Amino acid sequence: MLPRAAWSLVLRKGGGGRRGMHSSEARGGGKMSPYTNCYAQRYYPMPEEPFCTELNAEEQALKEKEKGSWTQLTHAEKVALYRLQFNETFAEMNRRSNEWKTVMGCVFFFIGFAALVIWWQRVYVFPPKPITLTDERKAQQLQRMLDMKVNPVQGLASRWDYEKKQWKK
Amino acid sequence: MAPEVLPKPRMRGLLARRLRNHMAVAFVLSLGVAALYKKAYADFYRNYDVMKDFEEMRKAGIFQSVK
């Protein structure tokens, strides 16, 4: 029993999802009470606390009726009981949103900002490039690699035609 | 409820079955790739003359021990 109570406490703390992370002390949620309750999520489908805990008279009567046989309940009553227990249906809670557009927009914005910062750094901060990166030096490097016949089986030297002194077609 | 009952799907051993199938496919593919690789090396070394290669490298001037 004790581990189960601890586990449910962990779930309650983490089961709020993106909203309702703080389940405050005054947990008597009315019908529209955001940010005071842990809503059910796909990964937390059966919270311990019902969504509405303050029930008016007819809702309490309905709760009493729920204690009897459920076949006596009409369809509208079953829906009302569901709405008392849960905030949203599965279809409602799993609805897609347009949040990804905001996310992608912010990602691209900050990437662009970083690009501007790096450009400024390239102009004002970076030292000059080493001499080995000039074209002449790179050509000398490549010539030396071909002289050494690096990777002659499948690699660089296998692509070079040593008779005609050009790359193989 | 549907009138006819669907057969019960596989409940256990799913990862084991997946691993077994993937191992078999990977083994066969690796044999094929190894064959290609070995062919490339065999072709290279069939008519390979070490001394001629060495002379070419020596004339190119990359060695420090022989000129």
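Biologist: Is B:Tyr45 buried, partly exposed or exposed?

Modeller: This is a predicted model. In it, B:Tyr45 has a relative accessibility of 47%, so it counts as partly exposed; the cut-off for exposed is over 50%.

Biologist: Which helix do B:Tyr41 and B:Tyr45 lie in?

Modeller: Both are in helix 1 of chain B, residues 14-46. They are four residues apart, about one turn of the helix. B:Tyr41 is also partly exposed, at 34% relative accessibility.

Biologist: And which ring pairs with B:Tyr45 edge-to-face?

Modeller: That is B:Phe44. The two ring centres are 4.9 Å apart and the planes are at 80 degrees, so the pair is edge-to-face. B:Phe44 is partly exposed, with a relative accessible area of 21%.

Biologist: Which residues form the aromatic cluster?

Modeller: B:Tyr37, B:Tyr41, B:Phe44, B:Tyr45 and B:Tyr48 form one cluster. Over all chains, the search finds 11 aromatic pairs. For B:Tyr41 and B:Tyr45, the centres are 6.5 Å apart and the planes at 35 degrees, so that pair is tilted.

Biologist: Switching to the interface. How many residues are in contact between chain A and chain B?

Modeller: Seven residues of chain A touch nine of chain B. The two chains bury about 810 Å² between them, 63% of it on carbon and sulfur atoms.

Biologist: How many salt bridges are there between chain A and chain B?

Modeller: Two. One salt bridge joins the side chains of B:Glu56 and A:Lys149, at 2.3 Å from N to O. On the side of chain A that touches chain B, three residues are nonpolar, one is polar and three are charged.

Notes: Residues are numbered from 1 along each chain as its sequence is written. Chains are lettered from A and ligands numbered from 1 in the order in which they are written. This is a predicted model: local features need pLDDT of at least 70, side-chain atom pairs count only at pLDDT 80 or more; totals for chains, interfaces and linings use all residues. Side-chain values use heavy atoms; hydrogens and water are left out. Contact means heavy atoms within 4.5 Å. Buried area is the accessible area (1.4 Å probe) that two parts lose on being put together, summed over both. A salt bridge is a side-chain nitrogen of Lys or Arg within 4 Å of a carboxyl oxygen of Asp or Glu. Ala, Val, Leu, Ile, Met, Phe, Trp, Tyr, Cys and Pro count as nonpolar, Asp, Glu, Lys and Arg as charged, and the others, Gly among them, as polar. Rings of Phe, Tyr and Trp (its six-membered ring) pair if their centres lie within 6.5 Å; planes under 30 degrees apart count as stacked, over 60 as edge-to-face and the rest as tilted. Helices (H or I, at least four residues) and strands (E, at least two) are DSSP runs, numbered from the N terminus. Buried means under 20% relative accessible area, exposed over 50%, partly exposed in between (1.4 Å probe, protein chains only).
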